[in-house]
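Please keep the sequence and the 3D view at hand while reading.

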Amino acid sequence: MFLQYKKFIILIFVALYCVSSVAQAPAPAHRPTSTPYSGDPSIFDSPGRADRLQINRVMDILGIVPGKSVADIGAGSGFFTVLAARRVGDKGTVYAVDINPDAIQYIDARLKKEDLHNVKTVLGKADDPLLPAPVDAVLLLKTYHEVAQPIVLFRNLRNSLAKEAKVGVIDRNGNGTDHGVGRDVVVREMKGAGYRLVQQEDFVKDGMDYFLVFAAE
C-alpha cells in the first residue's frame with residue numbers, strides 16, 4: 001500500500017513538472033524578416049518595371065477594373081498605387097497603406113504632383129492595415145518578406161475585405177532576411193490566417209519571383 005502511494009506521489013510531481021516546463025517554454029520566434037528599404041523611393045519606379053512584373057496582368061487577375069476599391073499594402077513609393085488609381089478611375093478608390101510616415105508623406109506629394117484624387121493614404125500598423133472601408137482587391141508588392149506578424153496582419157485584414165475580394169502577393173523566394181521569402185512559407189502562413197490559395201503565377205520566369213492569389217475562407 002505504501003509503495004503504491006509513493007508511486008502516486010511521484011506521478012503527481014512528474015505531471016506538475018511537465019506542466020511547469022510547458023508553461024515556461026519560450027514563445028516561438030518570429031520568422032526572419034528583411035529590413036525595409038530606406039533609400040531613395042524613386043528606385044521602385046525604374047523604367048520597364050511595370051512591364052517586367054506584368055502589372056496589367058496582375059490587375060486583371062485581381063479584378064481591378066474601373067469603380068473598384070483597392071489596397072496597396074506596403075505602398076512605398078506609390079508605384080503600384082498610381083497604376084491602380086489610373087485603372088479604377090474617378091469612381092474607384094485606392095488606399096495606399098504603409099507603416100512608414102516618410103513613405104506616406106512621399107506618396108501624398110506624388111499624388112498632388114500627378115493630380116490624382118482617388119487615392120487615400122493610410123498610416124497602418126505592423127499588424128493591422130487599418131483600412132477605413134471594404135476593398136475588392138489587395139496587393140502586397142515585394143513587401144511580404146518585411147511583415148513580421150503576417151498571420152495577425154491578414155486576420156485583421158479579413159474585416160476589410162469585400163465579398164469575393166482577392167489578395168495578391170508578389171515576392172521572390174528567399175530566407176526572409178534577403179528581401180525574399182519562400183513561396184511555401186507564404187502559402188502556409190496565409191492558410192493559418194484563414195485564406196486559401198486560388199491561383200499562382202510566375203510571370204518573370206526567373207525561378208525566383210512569384211505571384212500568389214488568395215481568397216478568405
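Helices (H or I, at least four residues) and strands (E, at least two) are DSSP runs, numbered from the N terminus. The model is predicted: local features need pLDDT of at least 70, side-chain atom pairs count only at pLDDT 80 or more, and totals for chains, interfaces and linings use all residues. Residues are numbered from 1 along each chain as its sequence is written, and side-chain values use heavy atoms, with hydrogens and water left out.

- Threonine 81 belongs to helix H4, which spans residues 79-88.
- Threonine 81 counts as buried because its relative accessibility is 0%; buried means under 20% relative accessible area, exposed over 50%, and partly exposed in between (1.4 Å probe, protein chains only).
- Leaving aside residues up to four places away in sequence, threonine 81 touches Asp72, Ala75, Val94, Ala96 and Val119, where contact means heavy atoms within 4.5 Å.
- Asparagine 118 sits in the loop between H5 and S3, and with a relative accessible area of 8% it is buried.
- A polar atom of the asparagine 118 side chain lies 2.8 Å from the backbone oxygen of glycine 89.
- Not counting residues up to four places away in sequence, the residues that asparagine 118 touches include Ala85, Val88, Gly89 and Asp90.

**Positive phi values**

- Most residues other than glycine have a negative phi.
- Aspartate 115, a residue other than glycine, has a positive phi near 55 degrees.
- Aspartate 115 lies in the loop between helix H5 (101-114) and strand S3 (119-123), and it counts as exposed at 52% relative accessibility.
- Leucine 130 is not a glycine either, yet its phi is positive, at about 55 degrees.
- Leucine 130 is placed in the loop between S3 and strand S4 (135-141), and at 36% relative accessibility it counts as partly exposed.

**The cavity**

- On a 1 Å grid over the protein atoms alone, a cavity is a set of points where a 1.4 Å probe fits but cannot get out, and lining residues have an atom within 4 Å of a point.
- A search of the whole structure finds one cavity of 30 Å³ or more.
- The largest cavity has a volume of about 60 Å³, a volume being the space filled by probe spheres set on the grid points, which are joined across faces, edges and corners.
- Among the residues lining the largest cavity are Leu53, Ile170, Phe203 and Tyr210.
- Strand S7 (residues 209-216) supplies the largest share of this lining, three residues.

Note on methods. On a 1 Å grid over the protein atoms alone, a cavity is a set of points where a 1.4 Å probe fits but cannot get out, and a pocket is an open set with protein on both sides within 12 Å along at least five of seven lines; lining residues have an atom within 4 Å of a point. A polar contact is a pair of N or O atoms within 3.5 Å; within protein, one must be able to donate a hydrogen and the other to accept it, and residues adjacent in sequence count only if both atoms are side-chain atoms.
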